[in-house]
Amino acid sequence: MDKKIKNFLENLVENEILDQKSYEEIKNFDETNSPSQKSKTARALTIIGGFFLLSGLIGTLPLIWQNLSYWAQLLLLLATTWFLFFAGGYSQQIDKQKLFIFKSNERVASFLYLVSTVSFSASAIFLINILENTLMFNVSEDVTILITSSLVLIYSGYLYKLTLEIFQHITLFYSLIFFLGSIGNLFLRNVEPWGIGLFIATVGLVWGLNTYSNLLEPSWLGYFLSSVNIAIGVITITENLLSSYEVIKIIILIVGSLFYIWISIKLSEQVIFYVGGLGLIINLPRLISELLPNNIWPPLVLFIVGGVLITVGLYLNSLRENLRKES
């Protein structure tokens, strides 16, 4: 049993919310249904096989590429994509039915689908090249990128809807960035750096709002991608527009970090707290160094501020514990 779950259940028993008999039944159920060593080995072999297949595909194709016709090369890529897609679906089926010793899980299928996305992307690029060479289907490089990104986005969206897993969440996010970037490259040339920053921050904000509405799962990953991209976008904008105003630029970044910490408390999402905390760790010493150039001040001020925050945190926690005991 997972250590966090075990501690949670023991806390319920200790506070008489869960009786000892129910606790033992839950514990026995978990031990009975936990993956066996054979099933763990099967999952490991499947994942390692996926790595080998991808490495073999990358290493073998250059050797046999010249000896294959255009259509044979395309068929090889499509067959690889189909095989990985089928293997991912089969892993999901085994996981649900618990057949034989191969008790897989969604993560194995998610990994296989991820590798199939790479293969699918290569297939899309190669298909467009074949059409250009054989059918005189001449399009500009920007249009080619847009077509490729559109196909990959559709495939990534389908896989995400199929699994709702981490790898598919990541590929959907970055395939969307690739797609929107290809549109911008086609219609919005010579964009200023702050415009690129605004684009990145906007995508991050939209992603965070969709995560908040429970449209995207898992939520921690959605919030992580959102917060990181908003931070990158804001940094790009401030660096470009406020390059001559160092103190103002740093203050904006610190305010953004504090906002991250506040929103993380509201949403109970630690990953946003970590991003905001990292921003404070980086930018607060920069601000102190700008305002108080003497080398002794930055660490001294940070030491004092840290002590005050720890004291306040312990005091608030003690108040919460006293209120809980009184209630």
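A salt bridge is a side-chain nitrogen of Lys or Arg within 4 Å of a carboxyl oxygen of Asp or Glu. By that rule, a search of the whole structure finds two salt bridges. The model is predicted.

**View 1. A network of salt bridges links Glu239, Glu246 and Lys249.** Lys249 pairs with Glu239 in a salt bridge, at 3.1 Å from N to O. Glu239 belongs to helix 9 (residues 219-241) and Lys249 to helix 10, so this pair ties together parts that are 10 residues apart in sequence. Lys249 also meets the side chain of Glu246 in a salt bridge, at 3.0 Å from N to O. Glu246 and Lys249 are three residues apart in helix 10, and therefore about one helical turn separates them.

View 2. The cut-off for buried is under 20%. Glu239 counts as partly exposed, because its relative accessibility is 37%. Glu246 is at 26% relative accessibility and so also counts as partly exposed.

**View 3. Helix 10 packs against helix 11.** Helix 10 covers residues 246-267, and helix 11 covers residues 270-291. Their axes come within 8 Å. They cross at roughly 155°. Angles over 145 degrees count as roughly antiparallel, and helix 10 and helix 11 are therefore roughly antiparallel to each other. Their crossing is left-handed. What kinds of residue make up the contact of helix 10 with helix 11? The contact divides into 17 nonpolar, six polar and four charged residues.

**View 4. Helix 6 packs against helix 7.** Helix 6 spans residues 141-163, and helix 7 spans residues 166-187. The two axes lie 8 Å apart, at an angle of about 155°. Helix 6 is therefore roughly antiparallel to helix 7. Helix 6 passes helix 7 in a left-handed crossing. By class, the residues in this contact are 13 nonpolar, 11 polar and one charged.

**View 5. Thr117 sits in helix 5.** This helix runs over residues 106-134. Is Thr117 buried or exposed? Thr117 counts as buried, because its relative accessibility is 6%. Which residues does Thr117 touch, leaving aside those up to four places away in sequence? They are Tyr155, Ser156 and Leu159.

**View 6. Leu127 is another residue of helix 5.** Leu127 has a relative accessible area of 33%, so it is partly exposed. Where does Trp71 lie relative to Leu127? Trp71 and Leu127 are 56 residues apart along the chain. Their C-alpha atoms are separated by 8.8 Å.

Notes
Residues numbered from 1 in each chain as written. Predicted model: local features only at pLDDT ≥ 70, side-chain atom pairs only at ≥ 80, totals over all residues. Heavy atoms only, no water. Axes fitted to C-alpha atoms, helices over the stretch in contact; angles between N-to-C directions. Helix = DSSP H or I, 4+ residues; strand = E, 2+ residues; numbered from the N terminus. Parallel < 35°, antiparallel > 145°, perpendicular 65-115°, else oblique. Left-handed = near helix turned anticlockwise from the far one by under 90°. Nonpolar A, V, L, I, M, F, W, Y, C, P; charged D, E, K, R; others polar. Buried < 20%, exposed > 50% of the residue type's maximum accessible area, 1.4 Å probe, protein only. Contact = heavy atoms within 4.5 Å.
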